[in-house]
Amino acid sequence: TAPLQKLAYMGPMFRYERPQAGRQRQFHQIGVEVLGTHMPEADAETIALALDIYKGVGLTGTRLKINSIGYPKRRDSYRAAVGEYFGDRIEKLCPDCKRRMERNVFRVLDCKVEACRELISEVPAIDEYLCGECRDHFARVVELLEALGIEYAKEKFLVRGLDYYTKTVYEFAHSALGARDAVGGGGRYDDLVEELGGPPTGAVGFSIGGEATLLALKGSVLTLC
């Protein structure tokens, strides 16, 4: 069993996708990773830590969105349901989502284009397809958040943009950023270390976007003025 490790980093990053407001080609990121545990307590701990960081820099009004997407090997039935739903609606999707349908249908659920959001609202929810273990894990995470007094919103279509996530996924949002309101996010990725050649290792973590957080801070100040 891998020993428990808690890691943190901060520095410049680069993204391939098209730059947008608060999402530059080069950006700065603060990240935390907890390796070596499958326990839902680690999920709640990372969420609480991220919210403390936002509070520490003076950002108020940060909202937590959370969901469970289960394990990849158990998502085949949900993948088929989503693919069937969009089967005769593909032409109504934005160009990016049409490409996502070919690579990973779950990425469509993360689209922020209004026309796509309207279609997504009728997609079957993933929680109807979760196994018992994943349901229990998520229920415990939510229970811990409530015990900590952390407010949250269950977002049934939250999947996050990276394909390696398992079980818990979450985002931190702020209204000052508009439609693309994420200032950070994370989740559990229990299979990633093994996929990269390491031993089976439970893992969970988050990243905070430096520029997005600064924009949210600036927007909050302007709103108060």
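# Notebook: a chain of helices and strands

**Entry 1. Counting the elements.** I began with a count: the protein chain has 7 helices and 7 strands. I noted that the model is predicted. Next I read the order of elements from the N terminus, which runs β-β-α-β-α-α-α-α-β-β-β-α-β-α.

**Entry 2. Overall size.** How does the radius of gyration compare with the globule rule for 225 residues? I found 18 Å for the protein chain, close to the 17 Å of the rule, so the chain is as compact as a globular protein of that length. I then looked up the box that holds the C-alpha atoms. Along the principal axes, that box is roughly 45 × 45 × 35 Å.

Entry 3. I checked burial next. Of the 225 residues, 47% count as buried. The accessible surface comes to about 12,000 Å². Carbon and sulfur atoms hold 55% of that surface. I also looked at contacts with a separation of 6 or more. Residues 24 or more positions apart account for 68% of them.

Entry 4. In what order do the 7 strands of the open sheet lie? I wrote down 1-2-7-6-5-3-4, with mixed pairing. Strand 1 (5-14) and strand 4 (153-154) stand at the edges. Each has a single partner strand, so one side of each is left without a neighbour in the sheet.

Entry 5. I picked strand 5 (residues 166-173) and strand 6 (residues 182-188). They pair in the antiparallel sense, over 6 bridges. I looked for what stands opposite Glu-171 and found Gly-185 in strand 6.

**Entry 6. Helices on the sheet.** Helix 5 (residues 132-147) packs on the sheet. I listed what this helix touches: strand 3, strand 4, strand 5 and strand 6. The direction of helix 5 makes about 160 degrees with that of strand 3.

Entry 7. I finished with backbone angles. Most residues other than glycine have a negative phi. Lys-167 has a positive phi of about 55 degrees, although it is not a glycine. Where is Lys-167 placed? I found Lys-167 in strand 5. Is Lys-167 buried or exposed? Its relative accessible area is 3%, and buried means under 20%, so Lys-167 is buried.

Terms used
Residues numbered from 1 in each chain as written. Predicted model: local features only at pLDDT ≥ 70, side-chain atom pairs only at ≥ 80, totals over all residues. Heavy atoms only, no water. Pairing = 2+ DSSP bridges. Helix = DSSP H or I, 4+ residues; strand = E, 2+ residues; numbered from the N terminus. Contact = heavy atoms within 4.5 Å. Axes fitted to C-alpha atoms, helices over the stretch in contact; angles between N-to-C directions. Rg over C-alpha atoms; globule rule 2.2 N^0.38 Å. Buried < 20%, exposed > 50% of the residue type's maximum accessible area, 1.4 Å probe, protein only. Areas by Shrake-Rupley, 256 points an atom, 1.4 Å probe, with all protein chains shown as cover.
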